[in-house]
Amino acid sequence: MASENGKKNDKKKAKARKGGKQPKGEQAAAESTHGFADQIQLAGAGQKLFVQAAVVAGFAFILAVILGNSEGDGWRRFSFSYLTAFVWLLTIGAGALFWVVLQNLVNAKWSVGIRRVGELLASNMPVLAVLALPVAVPLIMGNDVLYSWASKANVDADPVLQHKAAYLNPTFFAIRFVVYFVYWTWLANFYLHKSIDQDSSKGDGSEQAASMRGISGPAMIGFALTLTFCSFDLIMAIAPKWFSTMFGVYYFASCYQAINAVLPLILMWLQRSGRLKTSVTVHHLHDLGKMLFAFTIFWAYIAFSQFMLIWYANVPEETLWFKHRFADSWGTLGWVLLFGHFVIPFFGLLSRHVKRSRKALGFWAIWQLVMIYIDMYWLIMPEESRQYLDVNFKLIDVACWLGVTAVFVAGLAYRARGIDLVPTKDPRLPKALSFENI
């Protein structure tokens with residue numbers, strides 16, 4: 001009986017939409033959608049999400065500060081926990097920006113219906129810039145709690161740091177920091193604003209599509225350079241005597257894997273809240289699942305290549321970094337990464353059925369986001385103690401992660417207010433809506 005009533009209600013909604021009307025509760029959210037049949041605005045759900053995320057962020061940061069102060073180590077543990085959480089979050093923001101540039105570069109049609117979500121994620125770069133300040137400001141002021149080369153006294157006492165001082169110094173770091181986030185913010189806002197202008201254009205939207213595609217080639221080169229050097233500055237520079245020319249690609253692999261995990265989770269949440277019901281289909285989720293699977297392999301390939309080249313060369317300055325991460329419980333965490341980040345999800349995502357199942361794909365998306373955090377933890381936290389003590393995961397790590405993530409979600413909800421979640425006048429949209437995956 002309940003099933004029959006549900007079918008009748010669906011028929012009524014479909015009839016109302018065909019007649020140019022919206023069912024009650026959907027009309028307000030669809031007023032600015034250019035006659036688009038689907039509900040494509042967050043409306044009240046966005047405001048609710050913003051308030052909830054802001055409250056969670058406030059409590060999480062208060063807890064993190066209390067725990068950091070109680071450590072009595074000059075905020076060292078807090079700084080490392082915060083940096084780990086931040087670089088994990090940056091994989092999502094930077095991954096979203098790369099994803100948007102890539103869709104325009106290759107003139108993708110299948111992803112047009114979900115591109116606006118990626119544009120909104122990427123446009124959250126100003127929030128990421130603010131969240132980076134607790135990392136950047138102490139360094140610029142000469143505090144060596146994270147980066148030993150920030151202190152002039154440390155540099156004067158170490159010939160290696162003196163040799164690298166032309167690059168590793170607070171002033172030049174500040175300049176690079178500004179360049180990274182100014183460029184990413186400008187690029188993300190360019191794509192979002194062009195896409196929104198397309199919705200209200202008098203033409204067919206082809207002019208804006210051509211403009212976004214035209215800039216994507218140079219933009220991709222700029223993105224590759226800035227992301228590479230940012231990964232050097234934020235992560236590799238913690239151990240200034242270690243270096244790897246592959247590290248930028250290693251971090252990029254996590255970025256693209258992160259966005260292919262986050263996008264299906266957001267799309268599923270939107271559909272559960274009554275939005276994008278017909279705009280996003282199992283075929284779009286299938287494609288995102290395929291990319292999540294592909295970059296599970298790519299991450300393993302880059303991780304092995306980086307390790308193999310350093311192991312084969314057997315240069316003490318390079319191998320010492322891995323020696324610390326293969327010792328004691330850090331070595332155990334390395335095995336967790338091997339199996340948890342590659343072997344297990346490789347077989348878990350291999351099936352076509354898994355990529356087309358919302359529950360299964362959602363599970364593996366969350367799994368890989370957790371593994372990316374563990375990867376960042378493995379890269380950063382061994383440097384927290386000069387004696388390279390065992391893994392010591394604490395509540396402060398959770399508090400920092402929850403705080404930065406909640407701020408990012410709040411910023412995203414605020415950014416998305418009143419904006420259509422689908423580029424309604426993109427000339428490629430009909431092909432995206434009728435897209436079918438093999």
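Predicted model: local features only at pLDDT ≥ 70, side-chain atom pairs only at ≥ 80, totals over all residues.
A crossing of two helices is left-handed if the near helix is turned anticlockwise from the far one by less than a right angle, and right-handed if clockwise. Residues are numbered from 1 along each chain as its sequence is written, and side-chain values use heavy atoms, with hydrogens and water left out.

**Helix 3 with helix 10**

- Helix 3 covers residues 76-105 and helix 10 covers residues 206-234; helices here are DSSP runs (H or I, at least four residues) numbered from the N terminus.
- Their axes sit 8 Å apart at an angle of about 160°, with axes being lines fitted to C-alpha atoms over the stretch in contact and angles running from 0 to 180 degrees between N-to-C directions.
- Helix 3 and helix 10 are therefore roughly antiparallel, a label for angles over 145 degrees.
- Residues making the contact (heavy atoms within 4.5 Å) include F86, L90 and L97 of helix 3 and M220, F223 and L234 of helix 10.
- By class, this contact has 17 nonpolar, three polar and one charged residues; Ala, Val, Leu, Ile, Met, Phe, Trp, Tyr, Cys and Pro count as nonpolar, Asp, Glu, Lys and Arg as charged, and the others, Gly among them, as polar.

**Helix 14 with helix 16**

- Helix 14 (residues 328-348) packs against helix 16 (residues 358-380) at about 155°, with axes 10 Å apart.
- That makes this pair roughly antiparallel too, and the crossing is left-handed.
- Among the residues that meet are W330, H341 and P345 in helix 14 and W364, W367 and W378 in helix 16.

- Leaving aside neighbours within four places in sequence, F181 contacts F86, L90, M125, L128, A129 and A132.

**Two positive phi values**

- A43, in the loop between helix 1 and helix 2, has a phi near 55° without being a glycine.
- A43 is partly exposed at 41% relative accessible area (buried is under 20%, exposed over 50%, partly exposed in between, using a 1.4 Å probe and protein chains only).
- D328, in helix 14, also has a positive phi, about 55°, and is not a glycine; at 58% relative accessibility, D328 counts as exposed.

Key:
Parallel < 35°, antiparallel > 145°, perpendicular 65-115°, else oblique.
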